[in-house]
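Subject: Structure handover and notes

Hello,

Here is the structure you are taking over. Notes on what was found in it follow below.

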Amino acid sequence: MTDDLSFDDPADAGAAEPQAAPLLVLDRVTRAYVQGETRIEVLAGASATIESGEVVALIAPSGAGKSTLLHVAGLLERPDGGEVTLDGTATSHLSDSARTALRRNQIGFVYQFHHLLPEFSALENVVLPQLIRGLGEREARRRAEELLTYLGLGARLKHRPAELSGGEQQRVAIARAVANAPRLLLADEPTGNLDPDTASHVFTTLTALARASGLSAIVATHNLDLAATLDRRLTLRDGGLVEA
């Protein structure tokens, strides 16, 4: 594995140097769901600041609201109250199309299950999101091959998901998540379906990639040992975010 990995944003070859301002700010975010006659308060004034290049663990019991928090932070759900500011842009009053564009250009997602397209090879799964964003096929393939090689999959480029191990599939999913050079990576239990040894390897790979490419990341995990290797640990308590 190389010591560093750096991709220019395909939408802006002349991107400015990272700013000192926080990349992500959650300011008194609230989110509730209604089930029948019951209102469930999941987030109740959750606040946190994630600096540029910071890799943070989110640890909390199942059902505490980790996925909800990541969905709100990733602009997949609108909060009921509060503000989510991404790279200096307050998002609460943005239109759906503006939120989609910001999410597509600035955020990468990794889930517990890889969600790879089964009919496409590992390389094609990483090329596709770049083509959707408008990058030329030749450059998209070059970037995908470089990413997958960095992640130890240089000999598996042409293999389809069914021909890959669970750990390999998740590494392809990680490559796909960062293929468009996002500023923020959100990972929701990315090693939850893996055995301990594979989970440790994938987690280490994920964090090494984030650090090498200057990403900010929030990684939800139940594994306290893995969480301890990151810059900070946050937990959800009574709907709020606190240092763990």
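Which glycine takes a positive phi just after H4? It is glycine 152, with a phi of about 85°. Please keep in mind throughout that this is a predicted model.

Helix H4

H4 covers residues 137-150, which is 14 residues. At 1.5 Å a residue the helix should span 20 Å, and its end C-alpha atoms are 20 Å apart, so the two figures agree. The buried residues of H4 are Ala140, Arg143, Ala144, Leu147, Leu148 and Tyr150. Seen down the helix axis, these buried residues fall within an arc of 155°, so they line one face of H4. An α-helix has 3.6 residues a turn, so residues three or four places apart point the same way.

An open sheet is formed by 4 strands in the order E2-E1-E4-E5, with antiparallel pairing. Its edge strands are E2 (38-50) and E5, each of which pairs on one side only. Strands of a sheet pair through backbone hydrogen bonds, either parallel or antiparallel.

Within this sheet, E1 (residues 24-35) and E4 (residues 81-86) run antiparallel and are joined by 5 bridges. Leucine 86 in E4 stands opposite leucine 24. E4 also pairs with E5 (residues 89-90), again in the antiparallel sense, over 2 bridges. On that side, leucine 86 has threonine 89 in E5 as its bridge partner. The hairpin of E4 and E5 has 2 residues between the strands, and aspartate 87 in this hairpin takes a positive phi near 50°.

Other positive phi values

Most residues other than glycine have a negative phi, and most peptide bonds are trans.

- Alanine 181 has a phi near 55°, a positive value in a residue other than glycine. This alanine is placed in the loop between H5 and E7. Alanine 181 counts as buried because its relative accessibility is 15%, and the cut-off for buried is under 20%.
- Glutamate 189 is not a glycine either, yet has a positive phi of about 50°. Its place is in the loop between E7 and H6. With a relative accessible area of 9%, glutamate 189 is buried.

Cavities

How many cavities of 30 Å³ or more does the structure hold? There are 2. The largest cavity contains about 50 Å³ of space. Its lining is made up of Leu70, His71, Leu76, Phe109, Val110, Tyr111, Leu186, Ala187 and Asp188. At least two lining residues each come from helix H1 (66-73), strand E6 (107-110) and strand E7 (184-188). E7 gives the largest share of this lining, with 3 residues.

The second largest pocket

The volume of the second largest pocket is about 540 Å³. It is lined by 19 residues, of which Ile107, Phe109, Pro129, Arg176 and Ala177 are the closest to its centre. Helix H2 (96-106), E6, H3 and H5 are the elements that give two or more residues to this lining. H3 supplies the largest share, 5 residues.

Histidine 115

Is histidine 115 buried, partly exposed or exposed? Histidine 115 is partly exposed, with a relative accessible area of 47%. This histidine lies in the loop between E6 and H3. Its C-alpha atom is separated by 24 Å from that of alanine 60, and the two residues are 55 residues apart along the chain.

Regards

Technical notes: Residues numbered from 1 in each chain as written. Predicted model: local features only at pLDDT ≥ 70, side-chain atom pairs only at ≥ 80, totals over all residues. Heavy atoms only, no water. Expected span 1.5 Å × (residues − 1). Buried < 20%, exposed > 50% of the residue type's maximum accessible area, 1.4 Å probe, protein only. Arc of directions from axis to C-beta. Pairing = 2+ DSSP bridges. 1 Å grid on protein atoms, 1.4 Å probe; cavity = no way out; pocket = protein on both sides within 12 Å on 5 of 7 lines; lining within 4 Å. Points joined across faces, edges and corners; volume = space filled by probe spheres on them.
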